[in-house]
Amino acid sequence: MVRVVFAPALQRHVACEPCTVDGASAMQALLQALDGCPAMRGYVLDDQGNLRRHVAVFVDGAMARDRVCLSDAVTSGSEIYVVQALSGG
């Protein structure tokens with residue numbers, strides 16, 4: 001099982017408890033977690049189902065290498081951490 005955690009900055013908008021899901025990729029696991037907390041979906045994914053620009057996903061402590069498809073592999077015991085990304089100007 002993969003543990004999915006949404007950072008406090010995102011939970012300020014929508015409460016979404018950490019959960020455990022199945023999945024072979026970060027996207028599969030994330031989609032299952034969002035099924036359990038559908039109100040969070042709009043904060044994390046855009047209308048096309050892509051990761052929003054202001055969101056970052058970490059898999060086992062490392063930033064996801066594939067921001068487009070989130071194809072990074074996950075295994076039983078992996079943790080996905082979803083955070084609000086910072087940008088500068």
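Visitor: What should I know before we start?

Guide: This is a predicted model, where local features need pLDDT of at least 70, side-chain atom pairs count only at pLDDT 80 or more, and totals for chains, interfaces and linings use all residues. Residues are numbered from 1 along each chain as its sequence is written, and side-chain values use heavy atoms, with hydrogens and water left out.

Visitor: How do you know how many helices and strands the protein has?

Guide: They're DSSP runs, numbered from the N terminus: helices are H or I over at least four residues, strands are E over at least two. That gives three helices and five strands, in the order β-α-β-α-α-β-β-β from the N terminus.

Visitor: What makes the protein as compact as a globular protein of that length?

Guide: The globule rule is 2.2 Å times the number of residues to the power 0.38, and the radius of gyration is taken over C-alpha atoms. For 89 residues the rule gives 12 Å, and the radius of gyration is 12 Å, so the protein is as compact as a globular protein of that length.

Visitor: Why is L70 called buried?

Guide: Buried means under 20% relative accessible area, exposed over 50%, and partly exposed in between (1.4 Å probe, protein chains only). L70 has 1%, so the label is buried. L70 sits in the loop between β4 and β5 (79-84), and has a positive phi near 50° without being a glycine.

Visitor: And why is D60 called partly exposed?

Guide: Because its relative accessible area is 48%, which falls between those two cut-offs. D60 is in the loop between β3 (55-59) and β4 (62-63). This non-glycine residue also has a positive phi, about 50°, in a hairpin with two residues between the strands.

Visitor: What makes β3 largely enclosed by the rest of the structure?

Guide: Four of its five residues are buried, so the strand is largely enclosed.

Visitor: How do you know that β3 and β4 pair?

Guide: Two strands pair if DSSP finds at least two bridges between them. β3 and β4 have two bridges, in the antiparallel sense, so they meet that definition. β3 is also joined to β5 by five bridges, again antiparallel. F58 shows both pairings: M63 stands opposite in β4, and Y81 stands opposite in β5.

Visitor: What share of contacts in the protein between residues at least 6 apart in sequence join residues at least 24 apart?

Guide: That share is 49%, where contact means heavy atoms within 4.5 Å.
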